[in-house]
2 protein chains.
Amino acid sequence: MGPNDRRAAERLDRDDPLAGLREQFVIDDPELLYLDGNSLGRLPRRSIARLREVVEREWGERLIRSWNEGWMDLPARAGDLLGEHLLGAAPGQVAVSDSTSVNLYKLAAAALDANPGREAIVSDRHNFPTDRYVLEGLAAERGRRLELVEFDELEGPTAAAVERVVDRRTALLCLSHVDYRSGALADMAAIDAVARRAGAMTLWDLCHSAGAVPVELDAAGADLAVGCTYKYLNAGPGAPAFLYVRREHQARLRQPIWGWFGQREQFAMGQGYDPAPEVSRFLVGTPFVPGVALVEEGAALLAEAGIERLRAKGIALTELIVALHDDWLAPLGFGLASPRDPALRGSHVALAHPDGYRISQALISHARVIPDFRPPDRIRLGPAPATTRFVDVWDAMDRLRRLVADGVHLSVDPTRAKVT
Amino acid sequence: MGPNDRRAAERLDRDDPLAGLREQFVIDDPELLYLDGNSLGRLPRRSIARLREVVEREWGERLIRSWNEGWMDLPARAGDLLGEHLLGAAPGQVAVSDSTSVNLYKLAAAALDANPGREAIVSDRHNFPTDRYVLEGLAAERGRRLELVEFDELEGPTAAAVERVVDRRTALLCLSHVDYRSGALADMAAIDAVARRAGAMTLWDLCHSAGAVPVELDAAGADLAVGCTYKYLNAGPGAPAFLYVRREHQARLRQPIWGWFGQREQFAMGQGYDPAPEVSRFLVGTPFVPGVALVEEGAALLAEAGIERLRAKGIALTELIVALHDDWLAPLGFGLASPRDPALRGSHVALAHPDGYRISQALISHARVIPDFRPPDRIRLGPAPATTRFVDVWDAMDRLRRLVADGVHLSVDPTRAKVT
């Protein structure tokens, strides 16, 4: 019984230790096959209750008193929870704050300012756009040079490849842990070691890995990291992001946006910015409390499931996609645009097809499958381990092959609409 | 029948055209007198329904599709609503984004970078801390000089006083429209005229005026503005802030945080940052959708009430505080630390008392009145016009005078707890 027998997928679901987790999410329409958990994760049921508590009781009834009844500590508490269970970071190094882009700006600027004698910022030419743009802006502002390296698309930035481009001129190496297109999973520890030998700091973008693959920031020797919470962490659209600053760097690094939530004696409201000695110096303005609460709920839910089990299921789900691709889709003109070795891959798979955009649109409009599309020709399938069944993957791949075999996508207007 | 007769307050409530507005908010405990609407506004009932719609239907059911079904336009839509009804700004100049501190950083940096030949940033030595800290950081980063001017506390920054400190060396003048301590209301148009003559740009902090006093950004000739939404706009703790960039400046100003939501062809995900030609170039990362939706609800509610009516009630409420202060509190050692002329005052009143901290704490713990406290000795009373009755003010002032006359506050531990 091979992967192209649906009963194999049914058996995987029966044996899945995380099968029950799905019931903790709002899934109103099981016929809609949602393979875009890598873009926007599903809504946890507990988050509805938590939001009601935060909004109706804490805000509505307790009002301003809630700041002294838990809100002030929320960014650090949610950060520690993420750190302990999902990011491999001891307490006091992770905080929830702002957006990924703003956090990237703050930490990259801090690293550059701490290394005035080094001119280069090194990143990946195919890194997620906001990372490249933020670094480009910082390079322009601070008179540094941004080197966008063309790494092998399927391998991503290997330690060997990084070794060739990082040297004593490098102030900062900024990479994604999991590539947003191919899903290539970087060897964080090996790359951190390379950077450390060159005296460069590392800043990791964990958007596509947090909650999907084990991250070991402390053990890997990572210096800095940021990441979003609305993908695998299921905290909702645009929910506050997180940042990590290794403890040994906290006292010497200063970020450029000197807001009152970074101030040591915040409510003395005194003259002169004097940053807090700990990770809170990387905070800026008043945190969006309902959003941080949603991060806490999302993180708590995955913490209970266990990142190792989530990772194992993520591998099995993407292995099923790869196997069905080989059997069904390769003959239809698809190509696998993700690493074949699951140990080198995050929790999503990219399939390349010349008609990728129309196919992805047709999947949504005609087949009730939601993937996403990334230029130039990539259909991304992100089966979030917490909420996706093996039969969902099987059915989605089955609908995909039929749709393309029948040419359904050829009726789709190829004019590109907004795609997120 | 003078103000110290409760029946006068009852009559004001009977005649109040906004009396019904209060029913649109969650007020579970009418005995709790909440005079901290200038710090955290109350929860509108409609916001509960909207949040449920955004979270349970748009996120939970529509999932990623919601980005194309309204979420993408939300920051601009909420901004235009604020602009039209509360800020005096024509469409296309206001966006909801990030925190006030981050917005202040972006706009102040843009103004400085557009005026490289001018060395000075001028602000108020008693401006809200985050404003001073952000400007201090920018001055340090960009080699400019921050001049914190000591304006008269009760007058605030008058046009005449500003004229003495702004000149051809001034790149940017950054002031609060309403002083967070005294409530002094600045003459925006007159000050903008002074700045314009000197060739300096103006950046207004509207945190304590948006939704409380009419703001006429376009008519006043303001260049830039930022403000929070969790005070009079009732969008909840830490809700996304807004920014205003006068249309004529949009194409030439560039802010330093180059995120993907500021990119012209965002979803082409191409190489090189190319900022959008309009106000969206001042956006950065993925907006927090539930938060922006709360801003839209809060703004819509006040828009329906009408800012002129809100302002008239705000004046009447603070006039009642001043009158009762004079009758009841002045003999107990209080002093009015706000302008006496209501035309020169926002919607809150500060009362100074040497024991201000203990009195404000005792009001909360012993009298069920919630004010807030600001160093060194200020009890702030912010009776939000949308949710506060005249009898609430009367009763709060009555409880306050009794509490101090009886010395209840003397039993409070003077060790300062966190106060927000």
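This is a predicted model: local features need pLDDT of at least 70, side-chain atom pairs count only at pLDDT 80 or more; totals for chains, interfaces and linings use all residues.
Residues are numbered from 1 along each chain as its sequence is written, chains are lettered from A and ligands numbered from 1 in the order in which they are written, and side-chain values use heavy atoms, with hydrogens and water left out.

**Stop 1: where the chains meet**

Select chain B and chain A together. Here 83 residues of chain B touch 83 residues of chain A, where contact means heavy atoms within 4.5 Å. The size of an interface is often given as the accessible area lost when the parts come together. For chain B and chain A, the buried area is about 7,300 Å², and carbon and sulfur atoms give 66% of that; buried area is the accessible area (1.4 Å probe) that two parts lose on being put together, summed over both. Now pick out Trp59(B), Tyr133(B) and Phe288(B): they supply 11% of the area that chain B buries against chain A, more than any other three residues.

Next, look for pairs across the interface. There are 25 residue pairs in polar contact, both residues at pLDDT 80 or more. A polar contact is a pair of N or O atoms within 3.5 Å; within protein, one must be able to donate a hydrogen and the other to accept it, and residues adjacent in sequence count only if both atoms are side-chain atoms. Which helix gives the most to the side of chain B that touches chain A? Colour H5(B), which gives ten residues; helices are DSSP runs (H or I, at least four residues) and strands are too (E, at least two), numbered from the N terminus.

**Stop 2: a salt bridge between chains**

Four salt bridges are counted between chain B and chain A. In a salt bridge, a side-chain nitrogen of Lys or Arg is within 4 Å of a carboxyl oxygen of Asp or Glu. Zoom in on Glu141(B) and Arg142(A), which form a salt bridge with their closest N and O atoms 2.7 Å apart.

**Stop 3: salt bridges within a chain**

Over all chains the count is 76 salt bridges. Select Arg340(A) and Asp326(A), whose side chains meet in a salt bridge at 2.8 Å, N to O. Arg340(A) lies in the loop between strand S9 (335–336) and strand S10 (349–352) of chain A, and Asp326(A) in helix H11 (residues 307–329) of chain A, so the pair ties together parts that are 14 residues apart in sequence. Arg340(A) is partly exposed at 48% relative accessible area, and Asp326(A) is partly exposed at 31%. The cut-offs are under 20% for buried, over 50% for exposed, and partly exposed in between (1.4 Å probe, protein chains only).

Move to Lys313(B) and Asp16(B), a salt bridge with the closest N and O atoms 2.7 Å apart. Lys313(B) is in helix H11 (residues 307–329) of chain B and Asp16(B) in the loop between helix H1 (6–14) and strand S1 (33–34) of chain B, so this pair ties together parts 297 residues apart in sequence. Are Lys313(B) and Asp16(B) buried or exposed? Both are buried.

**Stop 4: the cysteines**

How many disulfides are there over all chains? The count is zero, a disulfide being a pair of cysteine sulfur atoms within 2.5 Å. Select Cys228(A): its closest cysteine sulfur, in Cys207(A), is 3.9 Å away, too far for a bond. Cys228(A) is buried, with a relative accessible area of 2%.
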